Amino acid sequence: MKRVFLAQLLSLVVNLPVRETHAKPVSHLAGSTSPYLLQHADNPVDWYPWGPEALQKARSEDKLILISVGYASCHWCHVMEKESFMNEEIAALLNRDFISVKIDRESRPDLDEQFMTATQLMTGSGGWSNIVFLTSDGDPFFAATYLPPDKFRTAISFVQDAWTDDRRRVRHEAARVTRAVSAQLSQKAETQEITP
C-alpha cells in the first residue's frame with residue numbers, strides 16, 4: 001500500500017508543469033564586509049564593489065562607469081537608494097548602459113577623497129551621495145551629489161547620449177578632469193609632508 005501511494009505521488013510530481021522562476025542573480029556585493037555595501041545588495045541595480053572585475057567589465061563592454069559613494073549613516077544616501085536605486089525603471093537603464101560601482105566612503109576613504117575631489121572640481125561643491133560618471137577607462141567627466149529621481153534619470157540619459165554621440169569630446173573632458181584631480185591631490189599630499 002505504501003509503495004502504491006509513493007508511486008502515485010511520484011507520478012504526480014513528475015507530471016507537474018514546470019514553473020519558470022526568475023531568480024535574481026547573486027549580488028556582486030553579497031560577500032562584502034561593509035554594512036553600507038550589504039545594504040545595497042538587494043537593489044535591482046547590478047552593483048559591483050570597486051575593483052578589477054568592474055573596471056575590466058567596463059573596458060571589455062565599452063560601457064561607462066557609474067560611481068556612487070556613500071556611507072551607512074548618510075541620510076541622502078538612504079533617500080537616493082529608496083527613490084532611485086530601488087526604482088526598477090532607473091535600475092534597468094543603469095544595468096543596460098553602465099557598470100555601476102558602489103563605494104563605502106568609510107571603508108575606502110582613499111577613493112572617497114579622489115571622487116569627492118573630482119566632484120568638487122566639476123561642480124564647485126560636494127556631498128553624499130556622491131555620483132561620478134567615468135569613461136570605460138576610468139576617467140571622471142561628470143559628477144553630482146544627491147539627485148531626485150527625475151533629475152537622476154535626466155543625468156543618466158544626458159551622460160549616455162554624450163558618450164554615444166560625442167565620445168571624443170567626453171574623453172577630452174575626462175582627461176582634463178583627471179589631470180586637475182591628480183594635480184589637486186598631489187598638491188594636498190605635498191602640503192601634508194610639511195613638518196613643524
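Reply: Helices (H or I, at least four residues) and strands (E, at least two) are DSSP runs, numbered from the N terminus. The model is predicted, so local features need pLDDT of at least 70 and side-chain atom pairs pLDDT 80 or more, while totals for chains, interfaces and linings use all residues. Residues count from 1 along each chain as its sequence is written, and side-chain values use heavy atoms, without hydrogens or water.

Phi of D62 is near 55°, positive in a residue that is not glycine. Most residues other than glycine have a negative phi, and most peptide bonds are trans. A cis bond turns up too: W128 to S129, with omega near 10°. S129 lies in the loop between α6 and β4.

Now the sheet. It is open, has 5 strands and runs β1-β3-β2-β4-β5, with mixed pairing (strands pair if DSSP finds at least two bridges between them). β1 (47–49) and β5 (140–144) are the edges; each has a single partner strand, so one side of each lacks a neighbour in the sheet. β4 (residues 130–134) pairs with β5 in the antiparallel sense, over 4 bridges. V132 has A143 of β5 as its bridge partner.

What packs on this sheet? Helix α6 (residues 109–123) does, touching β2 (64–70), β3 (98–104), β4 and β5 (contact means heavy atoms within 4.5 Å). The direction of α6 makes about 80° with that of β5.

Next, a helix pair. The axes of α5 (residues 88–97) and α7 (residues 149–165) come within 11 Å and cross at roughly 20°. That makes α5 roughly parallel to α7 (under 35 degrees; over 145 is roughly antiparallel, 65 to 115 roughly perpendicular, the rest oblique). From α5, E89, I90, L93, L94 and D97 meet P149, F152, R153, I156 and Q160 of α7.

Last, the cysteines. The whole structure has 1 disulfide (a pair of cysteine sulfur atoms within 2.5 Å). C74 and C77 form a disulfide, with sulfur atoms 2.4 Å apart. Their link is right-handed, with 80° about the S-S bond.

Conventions:
Axes fitted to C-alpha atoms, helices over the stretch in contact; angles between N-to-C directions.
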